[in-house]
Amino acid sequence: MQLILHYDETYREVKYGNMGLPDIDSKMLIGINVMPIGALLYTPVLIRFFGTKWMMFLGVGIYALFVSTNYWERYYTLVPSAVALGMAIVPLWASMGNYITRMAQKYYEYTHYKERDEQGPQQRPPRGSHAPYLLVFQAIFYSFFHLSFACAQLPMIYFLNHYLYDLNHTLYHVQSCGTNSQGILIGFNKTVLRTLPRSKNLIVVESVLMAVAFLAMLLVLGLCGAAYRPTEEIDLRSVGWGNIFQLPFKHVRDFRLRHLVPFFIYSGFEVLFACTGLALGYGVCSVGLERLAHLLVAYSLGAAAASVLGLLGLWLPRQAPLVFGAGLHLLLTLGLFFWAPAPRVLQHIWILYLAAVLWGVGSALNKTGLSTLLGILYEDKERQDFIFTIYHWWQAVAIFAVYLGWSLPMKAKLAVLLLTLVVATISYLTMEQKLRRGVVPRQPRIPRPQHKVRGYRYLEEDNSDESDAEGERGDGGGWGEGAEEEAPPAGPRPGPEPAGLCRRPCPYEQAQGVDGPEEQQ
């Protein structure tokens with residue numbers, strides 16, 4: 001809605017004069033699309049510094065800041081908020097993916113607490129035991145997320161559409177659409193508003209959007225519990241900030257991630273193509289701007305329904321959602337490659353709605369399948385924030401590539417999309433075949449926490465908050481690249497205590513009136 005208002009020449013001249021609004025909009029798009037490229041450097045550090053829940057809260061707060069700048073649209077409000085939004089995109093999505101996976105694991109532990117009591121508190125659950133819960137959690141999340149596309153069109157449907165010209169005015173100079181088009185809406189009329197909306201009405205719409213943004217912040221603050229116990233968060237930070245910075249890069253040695261990178265890139269390509277190529281190049285270009293909101297609502301409803309249908313993955317092989325979604329997008333891309341709808345013709349509008357719904361189905365299967373697959377392949381809680389950071393960073397790189405190539409012909413965009421989809425599917429199936437053959441992935445070792453503070457929390461040698469990866473005990477000698485360092489056995493050590501370990505009573509022992517080892521000897 002903001003871009004449509006800023007696009008209209010009359011609106012810009014009457015409300016902003018010579019402020020240079022098109023230049024401001026271009027800089028905002030640069031900030032939103034370019035800043036996530038550096039997110040791989042700081043996202044894991046931010047997540048471990050603030051914690052998963054508080055990183056989500058901070059990210060939603062930056063989104064609310066971006067929305068609030070529409071109250072006073074100036075260069076010094078719009079551009080800095082767009083830069084902050086670009087920096088927050090990858091940390092927000094990485095923390096949300098990590099949070100949903102952790103909640104599925106904790107819910108499994110909650111529902112199977114009796115089994116854990118029988119096995120012992122230090123025994124980790126079997127591999128893949130939380131997978132059904134993770135699939136349900138991801139399906140619920142993405143069904144609500146894709147519904148947000150429909151909710152985002154409500155201001156367009158109930159407010160802005162009443163001010164728009166019809167397609168005979170806006171598309172008067174448009175000559176080609178669909179696969180014959182180049183760039184985005186070449187020849188589109190520079191005036192799209194019949195009358196200018198009153199400032200009071202714009203403030204009402206802006207206030208509604210701000211209320212929703214604050215509600216989202218309150219939901220995160222009030223309903224989202226901590227993803228880790230406080231002592232676990234201390235352990236996650238205590239591996240060293242240098243190691244936290246390096247570990248996302250070291251995970252590239254894992255062949256599973258390398259094989260999934262093409263799918264990560266395609267995931268970024270396809271969602272931008274749905275919002276720009278399909279909705280604008282095929283939809284608005286042929287049936288007018290007033291039907292843009294309805295096309296996106298159709299995409300949203302199809303994606304939300306497919307997210308719920310993703311629960312069929314409880315009975316199907318885990319590769320079924322990704323392969324089916326890729327096959328559906330493959331057929332749609334081939335069909336769009338040979339279709340050029342005529343401008344200002346409404347007879348084919350049902351084809352556009354059908355394509356939007358089916359593309360939403362494929363998008364939902366793609367997003368749900370990838371997030372669930374990463375949560376299944378990487379169960380160790382020490383790695384999940386790194387893995388989801390890599391996933392969403394590659395998505396951001398793909399979105400940046402789409403931004404750079406927005407002026408390419410539609411045939412070139414479809415060819416790149418088709419090639420990426422084929423490579424991603426083949427690479428993913430190759431990864432699954434390697435796992436079936438029993439090829440062991442090479443993972444970087446997570447360093448053990450190095451606690452610098454002496455206190456009662458770390459007096460006992462048996463750490464009750466031991467991480468999952470540390471809990472795996474190897475029977476062979478030593479550990480390699482994919483193994484974790486073995487912790488010393490619990491309990492008293494045989495023989496006299498070394499003299500170097502004698503110490504004074506710590507503050508907690510002094511408060512309890514307990515003598516330290518020096519005084520006990």
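Phe188 is buried, with 9% relative accessible area (buried means under 20%, exposed over 50% and partly exposed in between, with a 1.4 Å probe and protein chains only). The model is predicted, so local features need pLDDT of at least 70 and side-chain atom pairs count only at pLDDT 80 or more, while totals for chains, interfaces and linings use all residues. Residues are numbered from 1 along each chain as its sequence is written, and side-chain values rest on heavy atoms, with hydrogens and water left out.

The structure holds 23 aromatic pairs, defined for the rings of Phe, Tyr and Trp (its six-membered ring) with centres within 6.5 Å; planes under 30 degrees apart count as stacked, over 60 as edge-to-face and the rest as tilted. Among them, Tyr7 and Phe188 form a tilted pair, 5.9 Å centre to centre with 50° between the planes. This pair links distant parts of the chain, 181 residues apart: Tyr7 lies in helix α1 (residues 2-7), and Phe188 in the loop between α10 (167-170) and α11 (199-223). Helices are DSSP runs (H or I, at least four residues), numbered from the N terminus. Tyr7 is partly exposed, at 28% relative accessibility.

Now to helix α8 (residues 131-152), where Tyr142 and Phe145 are 3 residues apart, about one helical turn. Their ring centres are 6.1 Å apart and their planes stand at 90°, so the pair is edge-to-face. Tyr142 is buried at 3% relative accessibility, whereas Phe145 is partly exposed at 24%.

How values were computed: Helices (H or I, at least four residues) and strands (E, at least two) are DSSP runs, numbered from the N terminus.
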